[in-house]
Each structure stands twice: as C-alpha cells, then as structure tokens.
Amino acid sequence: METLGFLMDGFGVALAPHNLLFALLGAFLGTLIGALPGLGPANGVAILIPLAFSLGLAPETALIMLTAVYAGAMYGGRISSILLNIPGDEPAMMTCLDGYPMAQQGKASEALAISAVASFIGSLIATIGLILLAPLLADFALTFGPAEYFALFLLAFATLGGITGKNPMKTVVAAAIGLMIATVGIDSTGVQRYTFGVLELYEGVDFIIAIVGLFAISELLFFIEEKAGGGKAKMAVNKLSLKWKDIRFILPSSFRGGVLGFIAGVLPGAGASLGSFIGYTLEKKVVGKKGYFGQGDPRGVAAPEAGNNGASSGALVPMLTLGVPGSGTTAVLLALLISLNITPGPLMFTQNADIVWGVIAALLIGNFLLLVLNIPLVGIFVRLLSVPPMYLLPIVTMVAFVGIYSISNTVFDLYFMVAFGVGGYVLRKLEIPLVPIILGLLLGPEMEKNLRHAMDISDGDWTILWDSGLAIGLWAFAIAGLVLPYIVGPILRRRMRGVAIAGNPEGD
C-alpha cells in the first residue's frame, strides 16, 4: 500500500502539464534518434543533456524528458532494422532477422506496428517489475556499509563489459582511464592532483563535458571520416492493415520476451543485447517447427523487441536503488543525477522520493505515449532515414556546443569538450569502449570515499573489505563477472552470429 501511495504521488508529478509536455517531446526525439543507424540511446541522451540544462529544467523534468528519450530510442531502433536491414543499435540486430523479410514481403507497416506493440508490452512488464522490485532492493541496500559499497562498485566495473562484450580486457582498460580522470582535482584532504596549475581543473572534470565530448563529438568525427552522405530509405511503407488477431498472435511472444528482458536488464552488465537475443532464441525453441523464423515470422519481431525494451527499463533498477548503472545509457543518466546534486542509491527513495516516483510514473505514461506516437507517425520517422547525415550532424553539434556553453559560460569547457571528442574518436578506433570511462569518472569519487571510510573505521586493516558475508558475496560476483566473459562470452557471441546468419543467409 505504501508503494501504491508513492506511485500516486509520482503520477501527480508526471502528469503536471509541463512534465507531460517534455515527456512527449523526449519520446518523439528519442524515436527519431533511435531511427538513425549508429546513434543509439546512449548517444541520444548524451546529446540532449546540454539542452536540458540550457532550458533550465527542474531536476524531475530533466530526468523525465531524458528517460523518455531513452525509451523512445529503444522503440526507434527497430525502424532502420525493419526497413533497411541496418540495426539502429546493437539490441535491434535480432529484429532484422524477421523484420526485414516482412518488409520485403510488403508488410513493412505491419512489422513496425507489431514491434511497437511488443515494445510497449516489454516496457510495461519491466516498469511494473521496477515498481515492485526497486523499493525492496533499496531497503536491502540500506544495510550496506563502506566496505560493501566498495565491493559493489568493483562489481559494477567487473560486469560492465557483459558477456556480449567483444574484449573484456579493453573494458578494464577503459574503466581504469575513467578512474584516472576521476582523480583530477582537489581530494578530500585538500591535496591537488593532476591539475597542472590550471584553475579550471581544481574542481575536477565535469561529467557532462566528458559525456558530450566522448559521445556526440566523436560521433561527428566518425561521420566526417566516413563522409556518409547517403542514407536514402530503400523500402516503401505500405498502408497499415494490422488486425486484432495479428496482435493476439504475438502477445505470448511479447510477454515472454518482456519478462526475460527485464531479468537481463536488472543483471549488471547483461543489458538489452542479451535481452533481445534470449528473447528471440527462446521464442524460436518454444514455437519449434510451427514457426518460420528468419522468413518473416511476426513472433521473430515481437520477442526481441519486447526483450530489449524490457531490459532498458530493467536497467533502471540498479541505477536508482544502488547507484550502479545497468547499461550504458543508464550510466549517462547517472551522470545527469550527480550533476543535479542528486545522490542515486537507496536514500534517493526517501530524500528525493518525488523525483524517483515521478520518473517511474512517467515511464508508465511514456509507454502509452510511445505507442500512440509510433503507430500513426511511422511515415514521419521513416522519412527521417532519407535525410543525409551531412544535414543532421551540424544540428547535433550546434546543440552540443550551445548547451555546454550555456552551463558554464566559459570557452575553456568548449575546448575541453572537443579534446574529449578527439580522445573518444581515437579510443573508438582502437575499439576501446567509452561507457566504462564514463562509469569510472562517475563512480571513482564515491569508490574512493568509501575506501577511505572503510580504512578509517578499521584503522588501516584491509581485511575489512571482505569481512562480512555480504561483502564476500559481492566480491565473488565481481570475480565471476571478470571470468565469465572469457568463458561464456565467445560461446554466446558465436550463437548470436549463427542465429543472424541462419536468419539472413544471403547477407541482405
């Protein structure tokens, strides 16, 4: 009953006219961003964070808008997958297997509508799971001491590469880079570290500058390098003729995919890619010989779409309750919370209950908004694919520069953002992931603070870090998170490639 009361209060926040307007704007922009191949939700949220600051939005409004962008981008990722056979992001890869064959059969609108319904169901299941699970996990996290929190942060770094990551060692290198950047500034004892006499570095590196530089500016440099001026849509969209029996046909697949996706999202490091993969592969086994997967089976669209959208909402659980992001995009949202002077974690449910429950209620409302937007406005989103990136990217860059300058009003931050962009470009060329850098930058100060606190309590005795059963359990999970990618990862990636090749043998 207490949870229901908090949720009703959250609806009071989410249904405020200005919050509802920004949720609608975020859902629309997120779908547009998700439709553009290569951008993805993490880039979309990172690009729009400066906009939230430059508009002077209240914390709950900014978080509602950017969470809606996140959800919308997960919806939008399927548009280019179905029409062009180009995944908007990695989780949308499985949607290509049956979505593109449906489009080739003249059923593009049906495929897009089915994916929208499945995404809605997956997100709805995960949001209900978030409502039920998050308060319990937050109460449990209140028992954590500094040693347990230190072990939890190690777990976050250990599992960040995930079992679908290509090179776990590069993930560790990236996390180390992020932790190194986090040490810049004046520490808790008043000692300057790596400031080199530059006054602007005394307070450390601003998360927002690093995020926008690493994601938005590096993306611009990649487009300049590739000179991608094409992007014409190849597939016409037929008139929608989806019937209730078609929706009823994909409901079981959507429910199964949504539940699996939520579980994958809650697990640190698993993410939407795993959610879409297990959703598709399980559905293929459940249906068996009755299905025609890889040839345009609607259930092959519904299951992975429900899975990846369920995982995206599920990833909010560890971020809100423990302060540990469950995905790359939630790491960017975590940066937003910290920059708004909101401490994510169990105390957030008491100190900032209006914001937490407002965001959760906005997720429920946003799912309905996205369903209403995605079915009738498919034509608009599709036409976006025909706009050359040479026209879109200058707009993205302008938003980034104006947004960053409006936050601090200093040219130094603009140069700093460009420097991060160049660094991000080089790291991406070396196939070193950027999200662990952001996570190291975000969690580094708290990790150091908890380590210092634990050492103070124990008078310098390091055994305090594994002195409790809970801490030992977290250390065990962290070690498993480091080892499993080397054992399970190659097997899972081979299976994902095998499913993709089997579903699309001609490489269309």
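1. Start with a cut-off. A residue counts as buried under 20% relative accessible area, as exposed over 50%, and as partly exposed in between. R452, at 31% relative accessibility, is therefore partly exposed. The model discussed here is a predicted one.

2. Overall make-up. The protein has 21 helices and two strands. Of its 508 residues, 57% are buried. The exposed surface comes to about 21,000 Å², and carbon and sulfur atoms supply 68% of that surface. Take the contacts between residues at least 6 apart in sequence: 79% of them join residues at least 24 apart.

3. The main core. The largest nonpolar core has 108 residues. Helix α16, residues 353-374, gives the largest share, 11 residues. The residues with the most contacts inside this core are V45, L66, L130, L152, F215 and L333. Which residues does V45 touch, once those up to four places away in sequence are set aside? They are L66, V69, Y70, T329, V332 and L333. Two of these names, L66 and L333, also stand in the list of residues with the most contacts in the core.

4. As background, nonpolar side chains in soluble globular proteins tend to be buried together.

5. A buried threonine. T95 sits in the loop between α4 (59-84) and α5 (96-104). Is T95 buried or exposed? T95 is buried, with a relative accessible area of 0%. Its side chain makes a polar contact of 2.5 Å with the side chain of E305. Beyond neighbours within four places in sequence, T95 is in contact with R78, S81, I82, Y100, V301, P304 and E305.

6. The structure holds seven salt bridges. One of them joins K170 and E431, with the closest N and O atoms 4.0 Å apart. K170 lies in helix α8 (residues 168-182), while E431 lies in the loop between α19 (411-429) and α20 (435-458), so the pair ties together parts that are 261 residues apart in sequence. K170 is partly exposed, at a relative accessible area of 24%. E431 is exposed, at 55%.

7. A bridge between two helices. R256 and E283 meet through their side chains in a salt bridge, 2.7 Å from N to O. What does this pair tie together? R256 is in helix α10 (residues 244-266) and E283 is in helix α11 (residues 271-287), so the link is between parts 27 residues apart in sequence. The two partners fall in separate accessibility classes. R256 is partly exposed, with a relative accessible area of 31%. E283 counts as buried, at 1% relative accessibility.

8. E448 forms a salt bridge with R452, and the closest N and O atoms are 3.1 Å apart. Both residues lie in helix α20, four residues apart, which is about one turn of the helix. E448 is partly exposed, with a relative accessible area of 23%. R452 is partly exposed too, at 31% relative accessibility.

9. M169, V172, V173, I479, L482 and V483 make a nonpolar surface patch of about 490 Å². Which elements give two or more residues to the nonpolar patch? They are α8 and α21 (469-503). V172 is found in helix α8 and counts as partly exposed, at 40% relative accessibility. Helix α8 also carries K170 of the bridge to E431.

10. A partly exposed phenylalanine. F140 lies in helix α6 (residues 108-141). F140 is partly exposed, with a relative accessible area of 41%. Its C-alpha atom is separated by 9.7 Å from that of L322, a residue 182 places away along the chain.

Notes
Residues numbered from 1 in each chain as written. Predicted model: local features only at pLDDT ≥ 70, side-chain atom pairs only at ≥ 80, totals over all residues. Heavy atoms only, no water. Buried < 20%, exposed > 50% of the residue type's maximum accessible area, 1.4 Å probe, protein only. Patch = residues over 30% accessible without salt bridge, like charges linked within 9 Å, V, L, I, M, F, W, Y side chains within 5 Å. Areas by Shrake-Rupley, 256 points an atom, 1.4 Å probe, with all protein chains shown as cover. Polar contact = N/O pair within 3.5 Å; in protein donor to acceptor, adjacent residues only side chain to side chain. Contact = heavy atoms within 4.5 Å. Core = buried A, V, L, I, M, F, W, Y, C linked by side-chain atoms within 4.5 Å.
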